Amino acid sequence: MSYLKYFLLFSCRSRVVISESESENKLDAETASDSESRSEFGGSAPVPTSDDTPEVLNRALSNLSSRWKNWWVRGILTLAMITFFFIIIYLGPMVLMTIVMCVQIKCFHEIITIGYNVYHSYDLPWFRTLSWYFLLCVNYFFYGETVTDYFFTLVQREEPLRILSKYHRFISFALYLTGFCMFVLSLVKKHYRLQFYMFGWTHVTLLIVVTQSHLIIHNLFEGMIWFIVPISCVICNDIMAYMFGFFFGRTPLIKLSPKKTWEGFIGGFFATVLFGLLLSYVMSGYRCFTCPVEFNNDTNSFTVDCEPSELFQLQEYNIPLVLQSVVGWKTVRMYPFQIHSIALSTFASLIGPFGGFFASGFKRAFKIKDFANTIPGHGGIMDRFDCQYLMATFVNVYIASFIRGPNPSKLIQQFLTLRPDQQLHIFNTLKAHLVDKGMLGSLEDA
């Protein structure tokens with residue numbers, strides 16, 4: 001027993017020494033394990049989320065079980081959001097672009113706030129200031145590129161805009177470099193590691209949020225149909241997967257989201273593909289949806305009037321022999337865009353949800369339920385747009401790979417800004433090329 005007593009006494013003293021050593025290392029903030037575990041969750045347990053359901057709904061649904069109460073709350077607010085979506089579509093492209101910008105800022109705020117709350121106990125200097133400064137820099141770069149590309153004539157007409165356009169990338173780099181130097185100057189010895197964590201946190205957030213929202217606006221300029229159909233397919237898949245999972249879900253789909261089921265995943269896929277075909281058929285018949293959004297220099301406003309491309313003209317397709325006996329038709333008339341809508345809706349229902357799974361993993365890593373409590377029953381804005389950002393990238397890549405061709409109007413705009421001798425050189429080169437192809441008479445005849 002005496003040996004056991006000495007052994008326990010020695011163990012207790014050893015633990016005291018180790019504890020003192022660890023507390024000293026925390027002050028230096030350069031040791032790993034204990035400091036990292038504190039930094040991961042801010043040194044405190046996560047705060048449980050409160051019930052943010054409006055009091056009116058709480059009273060109206062007080063007699064229902066929590067499962068059905070949540071179903072009604074989500075349903076009512078989903079209808080409200082869909083109504084708001086229709087309103088901003090009706091208001092036109094400029095309002096849509098403004099809404100995209102507002103959503104981008106709110107999503108950035110939600111993610112940065114999580115980082116601030118996680119690391120708040122360390123009082124990192126300039127963290128929030130630099131985060132918003134980098135957001136400003138990146139937006140200046142991307143939207144400056146968009147203005148130069150789509151408002152080329154207007155930019156060339158105004159001298160200040162022309163100068164800003166000419167040196168746009170240099171100005172953008174100078175702004176970013178200023179923020180970079182500010183970050184280096186803000187480094188504090190005991191917070192080196194955490195400050196670099198947050199530097200990376202900010203830049204990854206910019207990559208996910210700002211870059212994707214910039215692509216959404218680019219898709220919008222290709223035609224509102226390229227904006228509305230993909231977003232609507234993601235919304236449809238989210239709703240139908242929830243409905244199928246709620247009523248028929250039995251088999252768990254993925255551990256990151258225990259409430260997701262295979263029944264909801266598969267049901268959402270078929271419903272989204274059907275919805276995409278129907279929505280594409282309806283929208284393809286209206287020029288206001290199919291024409292590219294262009295800036296009219298005469299009226300200084302956006303226009304969406306054009307002759308529809310072949311993509312939005314009804315064509316006749318032969319039905320495969322295997323299906324002819326089933327449907328009873330030999331041919332079907334449909335818009336070519338409907339075929340592309342199958343690819344869009346398939347991505348929205350099969351790959352798009354992985355954006356949501358990624359967000360679920362992120363929230364689990366920091367032990368939070370939602371990114372924020374902006375929308376009762378749904379969480380934050382980022383909780384609703386986690387799949388949309390992934391979809392925006394796919395649509396932009398899809399258009400660039402399979403749809404977009406050379407734009408003659410932009411080539412002419414750039415041609416007119418050249419010096420007269422450069423214009424004459426291009427004219428002679430083009431004329432010689434057309435003569436060689438036999439599309440023009442010989443140079444001697446000319």
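1. Is Gln 104 buried or exposed? Gln 104 is buried, because its relative accessible area is 0%, where buried means under 20% relative accessible area, exposed over 50% and partly exposed in between, with a 1.4 Å probe and protein chains only. This residue belongs to helix α5, residues 93-118; helices here are DSSP runs of H or I of at least four residues, strands are runs of E of at least two, and both are numbered from the N terminus. Leaving out residues up to four places away in sequence, Gln 104 touches Leu 135, Asn 139, Tyr 143, Val 209, Val 210, Ser 213 and Tyr 389, a contact being heavy atoms within 4.5 Å.

2. On the basis of the note: this is a predicted model, in which local features need pLDDT of at least 70 and side-chain atom pairs count only at pLDDT 80 or more, while totals for chains, interfaces and linings use all residues. Residues are numbered from 1 along each chain as its sequence is written, and side-chain values use heavy atoms, with hydrogens and water left out.

3. The unreviewed UniProt entry annotates "transmembrane region" at several spans, among them residues 195-217 and 337-359, and such annotations may be inferred rather than shown by experiment. In the model, residues 195-217 are 100% helix and 0% strand, with the end C-alpha atoms 32 Å apart. For residues 337-359 the figures are 91% helix and 0% strand, with 31 Å between the end C-alpha atoms.

4. Asn 237 sits in helix α11, residues 224-248, and counts as buried at 7% relative accessibility. Apart from neighbours within four places in sequence, its contacts are Gly 268, Phe 269, Thr 272, Ala 348, Ser 349 and Pro 353. The side chains of Asn 237 and Thr 272 make a polar contact at 3.4 Å, that is, a pair of N or O atoms within 3.5 Å of which, within protein, one must be able to donate a hydrogen and the other to accept it, with residues adjacent in sequence counted only if both atoms are side-chain atoms.

5. The structure holds 26 aromatic pairs. One of them, Tyr 242 with Phe 246, is tilted, at 5.9 Å centre to centre and 35° between the planes; rings of Phe, Tyr and Trp (its six-membered ring) pair if their centres lie within 6.5 Å, and planes under 30 degrees apart count as stacked, over 60 as edge-to-face and the rest as tilted. Tyr 242 is partly exposed at 24%, whereas Phe 246 is buried at 10%.
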